[in-house]
Amino acid sequence: MSTTKVKQNVTPGLREYFGKNTPSSQYDTFEFEFESEMTIHDIAIEMSSTSDSWNLNLIYPTSGITASITSSQSGDWMLNSYSTEKQWFRIPAKTILQWEANAASPTETVTLVVIGQ
C-alpha cells in the first residue's frame, strides 16, 4: 500500500483543487490535505475507465476519525449530482480527503477535483 498526499493551500474565494494519480495496488490512497479550514461545495471523481472500485473518505485531524463519503463499484462520481439534494462539508484545517483503491489490481487513473472556499 502506498499513499500519495497533496497539501492544498486554501486561498480566499471559491477555488478548484485538482490532482491525478494512478494507484498500483489495492488500498493505495490518493489524499488531499487542506492547510486551512474550508467548506467543500462539490467533489468530482473521474476514472479513466469504469472497471475499478474505490472508496472516498474524510479523515479528521484531531480525532483521526474516518468518515466514509461514498464507495463506488466503478466509474465517475459527483457529490452534487442532479439527483441529490445539495450537500457540502465544513472541515477543519489539516482534514484529509482520501480516495482509496478498492480493486484487487487497479489499472485506472483517478482525477480528483474539489470545489471549495
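## Thr-70 and its surroundings

In this predicted model, Thr-70 touches Trp-54, Asn-55, Leu-56 and Trp-77, leaving aside residues up to four places away in sequence. Thr-70 is part of strand S6. Its relative accessible area is 16%, and because buried means under 20%, Thr-70 counts as buried.

Strand S3 covers residues 29–34 and strand S9 residues 96–101; the two are antiparallel and share 5 bridges. Across this pairing, Glu-31 is opposite Gln-98 in S9.

## Strand S10 and its partners

Strand S10 spans residues 110–116 and is mostly covered, with 6 of its 7 residues buried. Strand S2 (residues 15–21) pairs with S10 in the antiparallel sense, over 7 bridges. In this pairing Gly-19 stands opposite Leu-112.

Strand S4 (residues 38–47) is also antiparallel to S10 and is joined to S10 by 7 bridges. Here Glu-46 stands opposite Thr-111.

## Salt bridges

Side chains of opposite charge can pair when their charged atoms come close. The whole structure holds 3 salt bridges. Lys-94 forms one with Glu-33, where the closest N and O atoms are 3.8 Å apart. Lys-94 lies in the loop between strand S8 (89–91) and S9, and Glu-33 lies in strand S3, so this pair ties together parts that are 61 residues apart in sequence. Lys-94 is partly exposed, at 36% relative accessible area, whereas Glu-33 is buried, at 7%. Lys-94 also forms a salt bridge with Glu-35, with the closest N and O atoms 2.9 Å apart. Glu-35 sits in the loop between S3 and S4, so its pairing with Lys-94 ties together parts 59 residues apart in sequence. Glu-35 is partly exposed, with a relative accessible area of 24%.

Arg-90 counts as partly exposed, at 48% relative accessibility.

Notes:
Residues numbered from 1 in each chain as written. Predicted model: local features only at pLDDT ≥ 70, side-chain atom pairs only at ≥ 80, totals over all residues. Heavy atoms only, no water. Pairing = 2+ DSSP bridges. Helix = DSSP H or I, 4+ residues; strand = E, 2+ residues; numbered from the N terminus. Buried < 20%, exposed > 50% of the residue type's maximum accessible area, 1.4 Å probe, protein only. Contact = heavy atoms within 4.5 Å. Salt bridge = Lys/Arg side-chain N within 4 Å of Asp/Glu carboxyl O.
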